[in-house]
Amino acid sequence: MSLYIQAIVNGVLIGGVYSLMAVGLSLIFGVMRIINFAHGDMMVWGMYLSYWLFVTFGVDPYLSIAITATAIFLLGMAVQRGLVNRIVQAPHEMQILLMMGVALVMENVALMVWGPDPRRVNVPYALSTFWIGPIVFDLPRVVTFAVALILALGLFLFLKNTDTGRMIRAASDNRIGALLVGTDILKVFTLAFGVGAACVGAAGSLMTPLLPFSPSTGLFFTITSFNIVIIGGMGSLLGAFVGGLLVGVSESLGAVILVPSLKEIVSFVLLVAILLWRPQGLTGGRR
Amino acid sequence: MIGRAALGIAAAAGLLVLPFYVPSTWQNLLITTFYYAYLGQAWNLLGGYAGQLSLGHAAFFGFGAYVSVLLQMHLGISPWIGMFGGALLAAVFSQGVGYLGFRFGLRGFYFILLTLAAAEICRLVALHLSILGGYTGIFIPFKPNPWQYQFQGKIPYYFIALALLAFGSAVVWLVQRSKFGSYLVAIREDEDASEALGVDTFRYKMIAYGLSAALTALGGTFYAYYQFYLQPNTVLNINHSVDIMIRPIVGGSGTILGPVLGAFLLELLGEFSRTYFAASLAGLNVAIYGVLLIVVVLFLPRGVYPSLRGWLRRVGGSAE
Amino acid sequence: MTLLVAEGISKSFGGLHAVQAVSFRVADGEILGLIGPNGAGKTTLFHIISGFLPPDRGTIHYAGEPLAGLRPHDICQRGMVRTFQVTRPFQRLSVLENVVIGALQRVPHRRDAIRIAEEMLALTGLSEKARNPGHGLTIADRKRVELARALATRPRLLLLDEVMAGLNPGETDRLIELIRRVHAQGITIMLIEHVMKAVMSLSQRILVLSYGQLIAQGAPAEIVRNPQVIEAYLGEGYAELEP
């Protein structure tokens, strides 16, 4: 029994990062209706950057968040400005193919630079744990969860209380209306994509102490993000957040109930189940 | 008209004698080109004509490869027969995935995700099944025997690949001129409007999917007996699905020449990068594919062939 | 003879009652108008009749047979075809090919389908534009392609959704004429319209929908004098005014 509770706890802890990751995807979709196929790869680039800073300069991944978030933020804005902007009006298939192209480039550039072998970051306190009753709490996981929560909260506050944030929300809710009141929609799109990317870049830093990763991990994160966002409702930030916790828990429980090496299968089967169970019209009311 | 027919015949004749006069590396290049062009035709039926983008065609390819190999290795059945077994199973699998997708109204992005998930599930399952070789893969023993789809030298494979391409192109050509083909294109353009005009969109999408899957599987059998090694991470992974779909997309989805042109272009590009980036960094090829996808989407959304045709028409003013 | 019988049709979307217990009949060979303020549920009703939406409650019988559970293409095969409020031409196909798709419903070979399509193009005055692509057409032409395409399926019952919208007076008159000619060939027509001139001159009977409910039905002359209809369109207070 306590095995399951442990799995749930671990699932919630990792779910925090998943939530942050998914919130980024949801933001991008909510504002621009673009499905960022390269989302997981952006996260992996964040992880490689964090890894490099750690290995070269000894910077703790939790401290390098600011750098990775900024770097991926800029990358996101560049991708949006240079590529996505040109196809905002294009049919959806074209948008998907474009982002697929970006994903392929990102994954394989990482492959060329870093090679296929998995990397890990071993922070000095990686093995620190503490107990509450029979449940073990991994220090890195707890810190990751806490920071992810704080960042997500920060994002919500930013969107709710700042002018820029309100502009983004307005454009997300009602693009035409926002245009009518003079919003520079292009700037909002670029910013939103950047912020969404920054979320996932930060998530990358947070994930680095927890898992080994390689270029192909990107696809796994992308699929997980899609899973979460489809469950939570495309475009709903709160839904993405809750969904992240849910997916983290189900993944963790799945690893306990099934052979751990089948973890990846679980996420794909989950995806199929979600696709079928959530008829298109009900995905958060947006499409 | 006569000029074009004569050109066609000359080209065909040229293709038939070509393999005897070129070195082995060229033969391999041509075989690879024909074979990917054929796979592109198969993918195109569903993706270009019916407008349902599939990111999971590697799965059908895998059915063709693995089923024929298993039938041969365990039951001694010739791959010439086994390949139809693979095609049949691939078609059945496609109907399963198609049913889930089309009955539940998954379109566009959601359908792509479904096809991707289906292929990945196949890959992960294959990695865990020892009968399919697991992580080590299956080595197919080389015992040349035309009845067992194994040949000495490259020339027989050249002709098989060419025959596959001719066959695949013929199938697409026949579909294109038929009521079935017209309906597929209508579905691509606007599914609801097609329904309103009496098109049973579910049925036609399923047929297209099945046909596309079966054809792709035949290509898988060819691959198995040309490369002699099957491993799920090469045969069934997403990169392979991308390999299959990128040629028709770049060349021109929804046309017959598109996949062929796309295959030639990408083969040339591959040769170019192999020659000048001799270190051949793993991943460079696929990174280039990514760049190509981006370029095509931004500048040549209908693919190289239709854009070329349009440009030639404007420049030359010739009638089609 | 009654061609279509709808009884007790209701449809809600969450809290929005789009259609509430609507019942009506369409007689074979008549032209029936369907009017009502925006958001009254007219297009939703068309979606339900043509099989795109299942009703929450109610039944529909066409030519004596129930339509429950039939997909739109089945319904089209039985002779009921609809056009869309926002035209949906097949963009990358030529005008001719657009209509051929409709014609293929009735004939198996493209040869024959092309022949039928050309007839329909002639009927709708689009023969010269047969090779034009489906995108980039003027709105009047788009409406005509939509109509030609639907006619090519050789319908018994034609559902037209705001086919006059966006046309100038000259185009409107020509389209009214065209619909009369189509009707003269024996096709029953039900049309949703906002352009009063068209509805009044074409319809033999009119149904009025407001907030999902059928508030009136009858001959055009009666409808315009019906106080509930006037109220629905113009608001309270107008019903008491002298005409």
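## Helix packing in chain B

In this predicted model, the axes of helix α2 (residues 24–49) of chain B and helix α6 (residues 155–177) of chain B come within 8 Å and cross at roughly 20°, where axes are lines fitted to C-alpha atoms, for helices over the stretch in contact, and angles run from 0 to 180 degrees between N-to-C directions. Helices are DSSP runs of H or I with at least four residues, numbered from the N terminus. α2(B) and α6(B) are therefore roughly parallel to each other, a term for angles under 35 degrees, with those over 145 counted as roughly antiparallel.

The crossing of α2(B) and α6(B) is left-handed, that is, the near helix is turned anticlockwise from the far one by less than a right angle. The residues of the contact of α2(B) with α6(B) comprise 18 nonpolar, 5 polar and no charged; Ala, Val, Leu, Ile, Met, Phe, Trp, Tyr, Cys and Pro count as nonpolar, Asp, Glu, Lys and Arg as charged, and the others, Gly among them, as polar.

## Helix packing in chain A

In chain A, helix α1 (residues 2–32) and helix α8 (residues 185–207) pack at an angle of about 165°, with their axes 8 Å apart, and are therefore roughly antiparallel to each other. The crossing of α1(A) with α8(A) is left-handed, and the residues of their contact divide into 21 nonpolar, 2 polar and no charged.

## Aromatic pairs

Over all chains, a search of the whole structure finds 39 aromatic pairs, in which rings of Phe, Tyr and Trp (its six-membered ring) have centres within 6.5 Å, planes under 30 degrees apart counting as stacked, over 60 as edge-to-face and the rest as tilted. The rings of A:Phe220 and A:Phe221 have centres 5.8 Å apart and planes at 45°, so this pair is tilted; both A:Phe220 and A:Phe221 are buried, meaning under 20% relative accessible area, whereas exposed is over 50% and partly exposed in between (1.4 Å probe, protein chains only).

B:Phe63 and B:Phe93 also form a tilted pair, 5.2 Å centre to centre with 40° between the planes. This pair links distant parts of the chain, with B:Phe63 in helix α3 (residues 57–75) of chain B and B:Phe93 in helix α4 (residues 79–103) of chain B, 30 residues apart.

## Charges over rings

The charged end of B:Arg103 sits over the ring of B:Phe202, 4.1 Å from its centre, the criterion being NZ of Lys or CZ of Arg within 6 Å of the ring centre and within 35 degrees of the ring normal. In chain C, the charged end of C:Arg88 sits over the ring of C:Phe84, 4.8 Å from its centre.

## Conventions

Residues are numbered from 1 along each chain as its sequence is written, and chains are lettered from A and ligands numbered from 1 in the order in which they are written. Because the model is predicted, local features need pLDDT of at least 70 and side-chain atom pairs count only at pLDDT 80 or more, while totals for chains, interfaces and linings use all residues, and side-chain values use heavy atoms, with hydrogens and water left out.

How values were computed:
Helices (H or I, at least four residues) and strands (E, at least two) are DSSP runs, numbered from the N terminus. Angles under 35 degrees count as roughly parallel, over 145 as roughly antiparallel, 65 to 115 as roughly perpendicular and the rest as oblique.
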